[in-house]
Structure formats: structure tokens, C-alpha cells
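Please read this briefing with the structure at hand.

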Amino acid sequence: MKKLLSVVTAVAIGFASVACSSTKDAVALVDGKPITKQEFEENLKFNKWAMEQQYGDKVWEQVEKQNPDFQNSIKANVLNQMVQSRIVLNYAEKNNIKADEAQLKQFNDNLKKTLADKTKKASFDKDGLTEEALKKYGEQAAIMTAFSNYVAKKAEPTETELKEYYEKNKEKVDASHILLSTTDASGKPMTEEKKAEVKKKADELYNQLKNGADFAKLAKANSADPGSAQNGGSLGEFGKGKMVKEFEDVAFSLKEGEISKPVASQYGYHIIKVNKKVTSKYNDVKDELKSELTQTKAQELIKKIQESSTVEKYEDKIKDIKFVEVKKSTTTDSKSTDSKSTDSKSTDSSTTEKKSEDK
């Protein structure tokens, strides 16, 4: 079951068939091709089944406690995923990208084994999942794998591109920082008056550092960046493009061992210390840079494919669809109610006591 779930879950939750023609019951149109209400409902069934397989039938009680409006949240999420899946499927169809045969065979083999198990088969039937729908999910998963391979191949950089990327990224710094935040707990910017107070504190810390204070100790005691504060403010090595511009410009301009004056960014005031500067050799980092550049180019290609698609969503058509009824747990009194007291006073006393306990 886990193998089947891992193959399906990656993509089937956003399943949308490419063989539809009717637009009357569409919940969305992608490049003119509809995602029907029936397909949408099949996806909700799959979501329900997948969640219950992983967390049990009572999972929805906990989900509802965290988000009373969870059904609408899940429906909106499923529709968005189906739209993204349809974009990929349309692109695959136009570019003759076929399903990955190895993955498709693995899925179908696992599906046969699963359906042969009466208990597992019952779980599908309970949630209204059909063998035909599951086979469609498996085929889509295999198309997605083929699409990923296609994109990775198209995104693979040339040697020239790789060397140009190396020249831009060969320099790295090992730095630490102390961050004094200028946003409140909800992430909203502080008032100018409060920002001035933060700046004053940042200047005081900088002066302490100039007079020989231990950077790591001050970072642990004052930095608002929890990830680095516990490590004395250490951020480790990073290249260009990894930090916000204001931070990066200063970090790469400092000498080894040098500490900056407070630097303002959208997050607050940073005091930066450069521990070490590193210039990588091409052959040492070639594979790492190739992976980074391939990923960047792949993301750009996928973004381009998404932006070139025309999408219309009809969310009003999914508002009234319910895919799960949340059953509330009931608690029973620990005292046995089987025996009846013949003493009416005793009965009254015990009833009063229970009422008192229930309050």
C-alpha cells in the first residue's frame, strides 16, 4: 500500500483527464479544455482515501479543530493542483511526451496486488474509488515522470553556460550575523519610532563589538534569527544570490574578520561578520553548479509553460460539494449505569453529583 500511495500521491491528487469535451459541467478550463465536476469529485475521493490511509478514519476531527473551514481549503487546493496537472498534460500532449513505461508497469503491478487484497480493496470501494480511475491516476503519474525527465534534459546547461555561471558564483563567504528585527510577531513592519529604538540598540551592539565583545555571545543573546543565533550567528558558506541584496552587497565587500555597521533590510538591522572568503576551483564545484543551474533553468521553463496557458476557474461550482462528514467523538461516563438503585435518594444524589461533574 505504501508503494502504491507513494507513486499515486505525488501527482494523482491533481489528476485531470485530457479526454473531456463537454464544458457545461466544467469547474475549470485550461487552454479551452475542461476539468469536469466528475473529475473534481474523483480527486476529492482520492484525497479522502489517501488521508485516511495515512492517519486513520478519525483524521477529519483533528483537521476540523485546526481549520473549521478545511473542506473549502482542500477543495480550493485540489482545484489548483488539477489546473497545474492539466497544464503539464496539455504540454505533454503537444510535445508527444509519453508515459514513463517503467513507472507505469510498476504502478499497474502494485495496483493488481492491492486490489487482490480484500481489506485494501474494501478501502477503495468505501471511498468510491474505481479501478478505472486509479489506472488513470497511474498513467498520469508516469506522464509526469516523463515530463520531469524531458524538462531536466532541456534544462541541462552547456559548458559555456556552466563556465559563465561559475564566474558569477565562484566567490563565497562564510559569515555570521546578528539580526535585530523591525517587524512584529505577525510580520508587520514596526512604527518608525520603534524602528529607531531598534537601530539605537543595533548601534550599541556594534560599539560593543568594536571594543572587543564576543560576536557569538552577543548573537546568542540578541539575534532575532533563531536558526543562526543558537550557533553564535553563523550562517555558514553562501554564494551570491542567496541573501537579500542589502545583506549580500555588504557581506561580499567586507574583508575576512571585518564587522559591518548595522545594515538595514526588510527583516531589520543586521550586523555582519565575515569569517572567511572562499574562491572555488571550477573542477571542484562543477557538478554542484551544474545541478543548481539545471534546477534554475528547469524552474524557468516550467514557469514559462504555466504563464503561456490560459486558465479559467469556476469556484462557485465546487462550493456545495462535500467529500467528508465529520463524526464527532462521544464520551461516556466512566461509572456503570447498568445497575439501578432502589433508593430514590441515592439516585437523586448520584444524578446531582454527575451534573456537578459535568459542569
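Helix α13 (residues 282–307) contributes the most to the lining of the largest cavity, supplying three residues; helices (H or I, at least four residues) and strands (E, at least two) are DSSP runs, numbered from the N terminus. The model is predicted, so local features need pLDDT of at least 70 and side-chain atom pairs count only at pLDDT 80 or more, while totals for chains, interfaces and linings use all residues. Residues are numbered from 1 along each chain as its sequence is written, and side-chain values use heavy atoms, with hydrogens and water left out.

**Cavity**

- One cavity of 30 Å³ or more is counted, where a cavity is a set of points on a 1 Å grid over the protein atoms alone at which a 1.4 Å probe fits but cannot get out, and lining residues have an atom within 4 Å of a point.
- The largest cavity has a volume of about 30 Å³, the volume being the space filled by probe spheres set on the points, which are joined across faces, edges and corners.
- Its lining consists of Asn169, Lys170, Lys172, Ser280, Val285, Glu288 and Leu289.

**Sheet and helix**

- Three strands make up an open antiparallel sheet in the order β2-β1-β7, with pairing requiring at least two DSSP bridges between two strands.
- The edge strands, each pairing on one side only, are β2 (33–36) and β7 (311–313).
- Strand β1 (residues 26–30) pairs with β2 over four bridges, and Val30 has Lys33 in β2 as its bridge partner.

Technical notes: 1 Å grid on protein atoms, 1.4 Å probe; cavity = no way out; pocket = protein on both sides within 12 Å on 5 of 7 lines; lining within 4 Å.
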